[in-house]
Amino acid sequence: MPTVAPLDLEGHCVAAVFLNDVPHFALADGAVHRLDNGHKTVQANDGLLAAFHDAANDRLITGGEDGKVFAVKAGGEASELASAGKKWITSVAAGPQGAIAYASGKTAFVRFADGKTKEFTHPRSVEGLAFSPKGMRFGVARYNGATLHFPAAEGKPVELEWAGAHTGISFSPDGAFVITTMQENALHGWKLADGKHMRMSGYPGKVKSLSWSVRGKWLASSGAPAAIVWPFASKDGPMGKAPLELGTRGNTMVTCVACHPSQDVTAIGYEDGMVIAARFADAKEVLLRRPGKGAITSMMWDKEERRIVFGSAAGDCGVIDITA
């Protein structure tokens, strides 16, 4: 049976990540807790709204109600990267070459590693941000679709239209697809080569969590009483194909998914705090954590693939060791 090292915190956990193999928990009040030879804390934002794990630079990018963007590193060092004055920072992302993006209202900003910043204004508010894994390109989720910008070059952005409110955005690991979460209970996707649409609907709830499998052949999602896992191995993605349904429970919703770093397995977190792992090939399940307090809001695997850090909406956080 896997063992769980708990950390009981006060408040909503926005992000649970490993930085330099040390578990970090960023809470909505802006405190970032870490389990590093004892429980330690550093204060980043005054009111945290968004956090993004910058894997390439082993840091957590945070934005919040104080209008500031911070980078938090493993030793607890929090450095301010950008400020938008008194406006709330509602979304953050990290991209190639040390670039970050952040959004406030209708404006998305890209800050390059040298500190230079570019602004991109949109007709409606920016709801989500993501960088493409290929080249310096970033996407904005907005009302009625998504916009793709090339911040290092001049030229017009690419507009991807689809009616409705798009709340989050993700590129596939090969950069071939863009997927958005929507205000309605659905995902929408575009194949960038030809602009083909993909509708992924039928969810009973809103999709708040997405995770790509290691080679991008699968996209796991929350928003149902099972993890809904869409196939992306073929050139047209999931069009005309049914998703896998993993970890089905009749009475509680999946709230968070985190695909394994090297295998076709996903960790699945539920509304009641339970965590399991499920394998794509045969739907085999392993219980990793019994139900606890609060819905699971964030999870991440460590580099050695033996621990999972998790956080919940009630501050019921911890680390699961699956080898124990």
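This briefing walks through the fold, the aromatic pairs and a handful of individual residues.

The model is predicted, so local features need pLDDT of at least 70 and side-chain atom pairs count only at pLDDT 80 or more, while totals for chains, interfaces and linings use all residues. Residues are numbered from 1 along each chain as its sequence is written, and side-chain values use heavy atoms, with hydrogens and water left out. The protein chain comes to 0 helices and 30 strands; helices (H or I, at least four residues) and strands (E, at least two) are DSSP runs, numbered from the N terminus.

**Overall build**

- Along the principal axes, the C-alpha atoms fill a box of roughly 55 × 45 × 30 Å.
- Buried residues make up 54% of the 324 in the protein chain, where buried means under 20% relative accessible area, exposed over 50%, and partly exposed in between (1.4 Å probe, protein chains only).
- Of the contacts (heavy atoms within 4.5 Å) between residues at least 6 apart in sequence, 39% join residues at least 24 apart.

**Surface and charge**

**Aromatic pairs**

- The protein has 6 aromatic pairs, meaning rings of Phe, Tyr and Trp (its six-membered ring) with centres within 6.5 Å; planes under 30 degrees apart count as stacked, over 60 as edge-to-face and the rest as tilted.
- Tyrosine 102 and phenylalanine 109 form a stacked pair, because their ring centres are 4.9 Å apart and their planes meet at 10°.
- Both partners are buried: tyrosine 102 has 3% relative accessibility, and phenylalanine 109 has a relative accessible area of 12%.
- Phe120, Phe131 and Phe138 are linked into a cluster by ring pairs.

**Loop residues**

- Glutamate 65 sits in the loop between strand E7 (59-64) and strand E8 (68-72) and is partly exposed, at 35% relative accessible area.
- Beyond its neighbours within four places in sequence, glutamate 65 contacts Asp46, Gly47, Leu49 and Trp88.
- Most residues other than glycine have a negative phi.
- Glutamine 97 has a positive phi of about 55°; it lies in the loop between strand E10 (91-94) and strand E11 (100-104) and is exposed at 66% relative accessibility.
- Alanine 283 also has a positive phi, near 65°; its loop runs between strand E26 (275-279) and strand E27 (285-289), and its relative accessibility of 35% makes it partly exposed.

**A buried strand residue**

- Valine 309 belongs to strand E29 (residues 307-312) and is buried, with a relative accessible area of 0%.
- Not counting residues up to four places away in sequence, valine 309 touches residues including Phe18, Phe25, Met299, Met300 and Val319.
- From valine 309 to alanine 220, 89 residues apart in sequence, the C-alpha separation is 18 Å.
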